[in-house]
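Here are a few notes from going through the model. Have the structure open while you read.

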Amino acid sequence: MNWKDIHGRQEVFRVLRVALASGNVAHAYLFCGPEGIGKKTLAKALSAALVCQKSLEESCGSCSDCKQSKTSSHPDIHWIMPDGNKSLKISQTREIKRAAYFKPHEARYQVFIVERAETLTLEAANSLLVLLEDPPPRAVFILLASSPAALLPTVVSRCQLFQLPRLDAASLISILNAAERQLSLADLKRILHGAEGLPGRALLLAREGRQELYAEAVGLFGQLQSNEPITALADKLAADENLLLLLEALLTVLRDTMVLGSAGNSRLIMPVGEGVSLDCLLAKLSLANCMAAIEVILKLEKDLQSSVNVRLAVERALRRLKEVFENVDSSGGTL
Amino acid sequence: MRLFIPRSLLAEQLQIVAKAVPSKSNLSMLEGILFTCDGNSMTLSATNLELGISSTFAIEQQEVGKVILPSKIVDIMRKLPGETVQLTINPENYLTEVVSGQSEFQLYGFNPEEYPSSPQISAQTVEFSFNVKVADFRRALRQTLFCVSNDERKPAFNGLLFSLQEERLTLSASDTFRLATTNCRVNKAVNAGKFLVPAKNLQEVLRIFTEEEETIHVLVSQNQILLSCRNKRITSRLLEENFPDVERVIPQEFTGRVSFDCLKFMQAVERSSLLSEAASNVVRFFISKDCLVMRTSSKYGKTQEKVSAELEGEDMEISLNSRFILEMLKISEGEKCMIELTGPNKPCIFRDSLHDDYLYLVLPIKI
């Protein structure tokens with residue numbers, strides 16, 4: 001992964017490049033931003049540059065180290081992530097500590113990338129802190145987190161912090177083009193609308209197809225209104241890899257319903273695919289109901305960012321949503 | 001590729017390298033063992049990226065090839081019924097058939113190209129190199145390894161310090177309560193300097209390099225140490241820590257020097273330690289002109305032992321951890337053992353009459 005392969009992060013690269021070229025690499029970096037902003041991509045590029053044999057500033061892409069970092073099999077790049085949806089445990093930070101005091105296997109540095117650092121337990125964070133305070137000379141730590149506020153201030157203060165901003169449309173388009181996807185203008189528009197400046201989500205949307213997600217979201221509201229048991233639905237959702245994406249689609253559906261309900265103008269919303277209709281929702285949900293449903297989904301999104309039992313959180317949200325829908329019937333209020 | 005190998009030979013060689021296979025790794029191919037056959041010899045390699053072991057042995061003329069097989073092969077090879085084993089490797093998907101006697105296994109192998117290359121130390125990257133006799137090196141390891149700390153909070157003390165100077169290698173180990181240093185003669189030494197090797201990996205040297213008359217060739221680069229002896233190679237990452245200056249903590253002047261029979265002393269300490277308290281195993285020593293008295297007391301009772309000894313210098317009372325003493329006496333080879341004393345609350349030095357270079361310093365317990 002080369003710097004120029006990543007679009008729209010020139011300021012970050014400039015800082016990192018200068019640090020790499022002059023040999024003044026910080027012992028710890030903290031990349032912050034929402035899911036899909038490109039933290040991992042950046043960590044990959046930085047770690048590849050740190051272990052490259054040929055070039056100081058960036059990964060040359062051709063030496064054996066770069067080939068290994070490309071396939072995530074470099075012995076000096078360690079990825080540490082929480083098991084499943086749980087937290088990062090003290091046993092994991094102890095393992096980092098043990099490994100960090102070895103000299104690198106073959107490269108100039110050894111790199112420890114801690115994914116979802118916001119899930120570090122208090123003990124684990126404190127144990128990592130000891131390491132960050134007195135780091136071995138040739139170890140570099142890269143922490144990835146949703147926000148610096150989710151970490152201990154003592155940990156944040158020992159890292160060089162990069163808050164990654166959302167990208168503009170031009171950068172997103174160049175990212176989508178680099179991924180070699182032939183996209184129609186309408187598709188591109190839809191993806192940019194849904195991606196909200198997050199390159200990761202844009203790529204996911206391009207792959208998943210936004211139409212299907214939208215249809216799935218409408219279908220889900222339909223299921224909630226029927227008498228289907230919630231537990232089976234919760235099982236299915238909790239196991240869904242694209243749960244967050246689906247939640248975004250649910251929010252868009254609710255937004256569109258509100259727009260249609262209050263303005264009645266279908267040109268104000270993104271074109272809905274064929275065979276999908278919001279009429280049924282429109283008939284049932286009041287503005288207040290929509291707001292309540294949106295709150296439930298936003299709460300679930302927030303919960304999923306911290307270490308929770310996903311299955312339970314999803315089921316709870318579904319029950320709340322069902323209550324919102326049933327409330328409709330009892331009050332009888334429609335738009 | 002098809003190979004025929006005597007089963008017991010392969011089983012024995014697999015046991016040698018198996019110790020380096022990690023039980024769990026992010027890189028799944030590391031959980032296997034690399035088989036490389038170059039026609040008339042076979043090399044087995046395993047590594048957990050901190051410790052690597054490889055062993056080469058001669059086989060009768062065979063086909064050339066490579067494969068990574070899951071480490072289950074170690075136990076399979078031990079239990080197979082036949083005299084020889086036939087390995088048939090499909091070069092497309094690395095599915096490997098293992099046949100011996102009436103027994104057949106199919107193992108899912110990995111692409112050998114994915115295996116991390118074992119560290120090569122070339123003329124440009126070598127920082128130190130020397131040759132040492134196996135017997136000498138094993139003796140030096142036995143004398144020092146036991147006092148390395150297991151505490152992961154003190155990474156520097158998890159290692160053994162190698163100091164190379166001219167034709168002499170000094171090994172030092174400490175857990176902050178005691179310190180052992182010893183020398184061994186080396187030859188063809190290149191460069192002088194210090195480096196720190198994880199003690200855990202050196203235990204493997206004791207286990208694997210057992211042919212006492214052979215010579216070990218040692219190469220050290222910036223990050224790695226490579227020890228090779230005949231057909232076996234051990235590589236280990238070095239530790240990135242500074243070991244404290246050993247010379248500074250060793251006292252140069254003594255107030256007394258006592259010597260006694262090693263075996264009798266050891267038996268007496270063993271008996272005394274039976275009643276010592278679990279945590280620090282305190283035994284109190286009263287050293288006078290011609291005898292050494294040790295006393296222990298705890299809630300279970302009291303004991304007193306007397307050993308004849310020769311003291312030059314002042315009488316002394318000192319309390320020591322009996323576990324520390326026993327660990328040293330067990331590896332002591334001479335008939336006599338000496339203690340150099342510097343004061344009741346100051347470190348004392350144990351010496352082995354057979355190895356003048358050996359020094360074992362213990363801090364006393366303050367009472």
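How many salt bridges does the rule find across the interface of chain A and chain B?

1. Two salt bridges turn up between chain A and chain B. Bear in mind that this is a predicted model. One to look at joins the side chains of B:Glu50 and A:Arg98, with 3.1 Å from N to O. On the chain A side that touches chain B, the residues split into eight nonpolar, five polar and five charged.

2. Now the interface as a whole. Chain A puts 18 residues into the contact and chain B puts in 19. Together the two chains bury about 1800 Å², with carbon and sulfur atoms giving 49% of that area. As for polar contacts, 10 residue pairs count between chain A and chain B, both partners being at pLDDT 80 or more.

3. On to the fold of chain A. Its five strands make an open, parallel sheet, running β2-β3-β4-β1-β5. The edges are taken by β2 (77-80) and β5 (160-163) of chain A, each with a single partner strand, so one side of each has no neighbour in the sheet. From one strand to the next, the twist averages 15°.

Note on methods. Residues are numbered from 1 along each chain as its sequence is written. Chains are lettered from A and ligands numbered from 1 in the order in which they are written. This is a predicted model: local features need pLDDT of at least 70, side-chain atom pairs count only at pLDDT 80 or more; totals for chains, interfaces and linings use all residues. Side-chain values use heavy atoms; hydrogens and water are left out. Contact means heavy atoms within 4.5 Å. Buried area is the accessible area (1.4 Å probe) that two parts lose on being put together, summed over both. A salt bridge is a side-chain nitrogen of Lys or Arg within 4 Å of a carboxyl oxygen of Asp or Glu. A polar contact is a pair of N or O atoms within 3.5 Å; within protein, one must be able to donate a hydrogen and the other to accept it, and residues adjacent in sequence count only if both atoms are side-chain atoms. Ala, Val, Leu, Ile, Met, Phe, Trp, Tyr, Cys and Pro count as nonpolar, Asp, Glu, Lys and Arg as charged, and the others, Gly among them, as polar. Two strands pair if DSSP finds at least two bridges between them. Helices (H or I, at least four residues) and strands (E, at least two) are DSSP runs, numbered from the N terminus. Axes are lines fitted to C-alpha atoms, for helices over the stretch in contact, and angles run from 0 to 180 degrees between N-to-C directions.
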